[in-house]
Amino acid sequence: MVVREFSEPVRNVTKSDVLAHEEVIERLMEYFTVLPVRFHTVFNGKDDIFSMMQSYYKDFRYNLDRLYNKVEFGIKVIWPADKIKKSIRNSHKKSKHEMTIPDGSLNKKFMGKKLEKYRINQEFEKKADKFINVMDIFFSKFAVEKKLKKLKTENLLLDAVYLVEKDRYDDFKEAFKHIKNSHTGFKFLLSGPWPTYNFVICQRKVTCSKIPSKKTYLIN
Amino acid sequence: MTINGVVETDFPEEFIEEMEKTNDVLPKKIDANPENVEKGLSKLVLTLIELIRKLLEKQAMRRVEAGSLSEDEIERMGETLMKLENKMKELKQIFGLEDEELNLNLGPLGDLM
């Protein structure tokens, strides 16, 4: 375990501190399987670290085996949400086959508007699922695990992380290029290779303190 | 930049903007003081009411879609939902809250709404 010892609480964290943390992890990654810990994780002394390591031994062992020789890539996709909603709205106006609420009182008009909005949102989500599915099937060919988040904002179609074997990461990057080129009007972001931050699975919660007492250790 | 990790995109500003939108709903720390405690509390309560209101609305739409509501029931449901929505607008105005502020981050489960 790589730690930094300090006695005074660190209150002002700078960008260079975060990058230093990342650099330590990435240097270690060149030679070992690393279980990265979130930046600014603080323990109250050596005893706390040893006891934590003992109680999480099985979890750490499992993760070390699982994450051996693997890295993480992040993919984000922005889609033209406004255009897509507009086209759904237009197609709804054209199609008359759907059941609608008969016009009448103010209450029924209100329900009619809500129903229209509900249907547009349902279709919007369906379209999102369809696009994500196409992309994910392709990316998953080159990855061993993944975590996907759909529509974190209306524009952010996909926010995903993929766990990729080191010797397949060029393939993964090629897959990204292919998907990017085949989706005009979409905006793509690829980041990595990163330490496997999103794929370390611990069954038990790590107990740590953000306010150090005497001697504390910053874990990398 | 880090040693190995790189970020490749032709649209960095757009991605920053979208990520900032997702960060806005996540409080970096709980800032409870006499000046804002009322707003903080009302935000929490209104978020839960808004969640229930949205669930009710969704359920109502599902029932309308399924055709399981009579005209009279649609009428009454419309009135109820409209009153609820107006009341929420009123309360949001009183406590100076915007729609985007009514959310809770549930950690690994994601956002509440």
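## Contacts and make-up of chain B

In chain B of this predicted model, 68% of the contacts between residues at least 6 apart in sequence join residues at least 24 apart, a contact being two residues whose C-beta atoms, placed from the backbone, lie within 7 Å. Residues are numbered from 1 along each chain as its sequence is written, while chains are lettered from A and ligands numbered from 1 in the order in which they are written. Local features need pLDDT of at least 70 and side-chain atom pairs count only at pLDDT 80 or more, whereas totals for chains, interfaces and linings use all residues.

Chain B holds three helices and one strand, in the order β-α-α-α from the N terminus; helices (H or I, at least four residues) and strands (E, at least two) are DSSP runs, numbered from the N terminus. Of its 113 residues, 10% are buried, that is, have 20 or more other C-beta atoms, placed from the backbone, within 10 Å of their own.

## Helix α3 of chain B

Helix α3(B), residues 71-94, has 24 residues and reaches 35 Å from its first C-alpha to its last, close to the 34 Å expected at 1.5 Å a residue, where the expected span is 1.5 Å times one less than the number of residues. B:I74, B:M77 and B:G78 are buried in this helix, and its buried residues pack against α5 (106-140) of chain A together with α2 (37-66) of chain B. After α3(B) comes B:G96, with a positive phi near 60°.

## A hairpin in chain A

Strands β4 (residues 145-150) and β5 (residues 156-165) of chain A run antiparallel and are joined by six bridges, pairing being assigned if DSSP finds at least two bridges between two strands. A:K150 has A:L158 of β5(A) as its bridge partner. Five residues lie between the strands of this hairpin, in which A:L151 takes a positive phi near 45°.

Conventions: A residue is buried if 20 or more other C-beta atoms lie within 10 Å of its own, exposed if 12 or fewer, and partly exposed in between; C-beta atoms are placed from the backbone.
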